[in-house]
Amino acid sequence: MTMMRELTLIGIRMESPNRAPVMMLRETEGYRYLPISIGSVEATAIAYEEQGLRPSRPLTHDLMRDLIEAFGVHIEAVEIVELRDAVFYAELVLGNGARVSARPSDSVALAVRLGTPIRCTEQVLREAGVATPEEEQAELERFRQFLDGVAPEDFSS
């Protein structure tokens, strides 16, 4: 059986020089961070939900949440299961044991809407996780403060 680690979404940050969005996840009980480059649409969807913003019409991930709830489907977890050729792969783990392949960005956008746990294999964390030494904690705190002030409009093209 594959060892899974629970992750927490820290937020979205913009990577220079091309200001590409990066989704930052962190081990719940650990010290590693998992940065995943994502598209601007998914970054906006995640940022909207984090900030409690409600567009006048549902976004795609809102529609997915509403369909899941309407059909009585339960998503047990979102799992980031593989890193192959610099591409991350995720699965939605359904209550009946079925697994649905999905991009990590879409999976996390859905997870934040449903309150679903986010997990990652130990192997993926070993390959792509970034350990943050204690002395960098102050910089991390500044990043968190930045995230509190970022607006979804910052992700639009």
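**Entry 1: a pair of charges**

Is E91 buried, partly exposed or exposed? I looked it up in this model, which is a predicted one. E91 has a relative accessibility of 22%, so I put it down as partly exposed. The cut-off matters here, because buried means under 20%.

I then checked what E91 is doing with its side chain. It meets the side chain of R99 in a salt bridge, 2.6 Å from N to O. R99 is partly exposed as well, at 45% relative accessibility.

**Entry 2: the other salt bridges**

How many salt bridges does a search of the whole structure find? I got 16.

I picked out E79 and R119, whose side chains form a salt bridge at 2.9 Å, N to O. E79 belongs to strand β4 (residues 75-84) and R119 to strand β7 (residues 118-121), so this pair ties together parts that are 40 residues apart in sequence. E79 is buried, with a relative accessible area of 5%, whereas R119 is partly exposed at 24%.

Next I went to D66 and R65, which form a salt bridge of 3.0 Å, N to O. Here D66 is partly exposed, with a relative accessible area of 33%, and R65 is buried at 16%.

**Entry 3: helix α1**

I wanted to know how much of α1 is hidden. Of its 11 residues, 8 are buried, so the helix is largely enclosed by the rest of the structure. I wrote down the buried ones: E42, A43, T44, A45, I46, A47, Y48 and E49.

What do the buried residues of α1 pack against? My list has β1 (4-15), β2 (20-27), α2 (60-70) and α3. I also looked just past the end of α1, where G52 takes a positive phi of about 70°.

Helix α1 covers residues 40-50 and helix α3 covers residues 104-114. Their axes are 9 Å apart, and the packing angle is about 15°. The two helices are therefore roughly parallel to each other. I noted the crossing as left-handed.

Which residues meet here? From α1 I have E42, A45, I46 and E49. From α3 I have S105, D106, V108, A109, V112 and R113. Sorted by class, this contact has 5 nonpolar, 1 polar and 4 charged residues.

**Entry 4: S107 in α3**

Is S107 buried or exposed? With a relative accessibility of 1%, S107 counts as buried. This serine is found in helix α3.

**Entry 5: P35 in strand β3**

My last stop was P35, which is in strand β3 (residues 32-37). P35 is partly exposed, with a relative accessible area of 28%.

What does P35 touch, leaving aside its neighbours within four places in sequence? I found V22, M23, M24, F88, A128 and V130. I also checked P35 against G129, which is 94 residues away along the chain. The C-alpha atoms of these two are separated by 7.3 Å.

How values were computed
Residues are numbered from 1 along each chain as its sequence is written. This is a predicted model: local features need pLDDT of at least 70, side-chain atom pairs count only at pLDDT 80 or more; totals for chains, interfaces and linings use all residues. Side-chain values use heavy atoms; hydrogens and water are left out. A salt bridge is a side-chain nitrogen of Lys or Arg within 4 Å of a carboxyl oxygen of Asp or Glu. Buried means under 20% relative accessible area, exposed over 50%, partly exposed in between (1.4 Å probe, protein chains only). Helices (H or I, at least four residues) and strands (E, at least two) are DSSP runs, numbered from the N terminus. Axes are lines fitted to C-alpha atoms, for helices over the stretch in contact, and angles run from 0 to 180 degrees between N-to-C directions. Angles under 35 degrees count as roughly parallel, over 145 as roughly antiparallel, 65 to 115 as roughly perpendicular and the rest as oblique. A crossing is left-handed if the near helix is turned anticlockwise from the far one by less than a right angle, and right-handed if clockwise. Contact means heavy atoms within 4.5 Å. Ala, Val, Leu, Ile, Met, Phe, Trp, Tyr, Cys and Pro count as nonpolar, Asp, Glu, Lys and Arg as charged, and the others, Gly among them, as polar.
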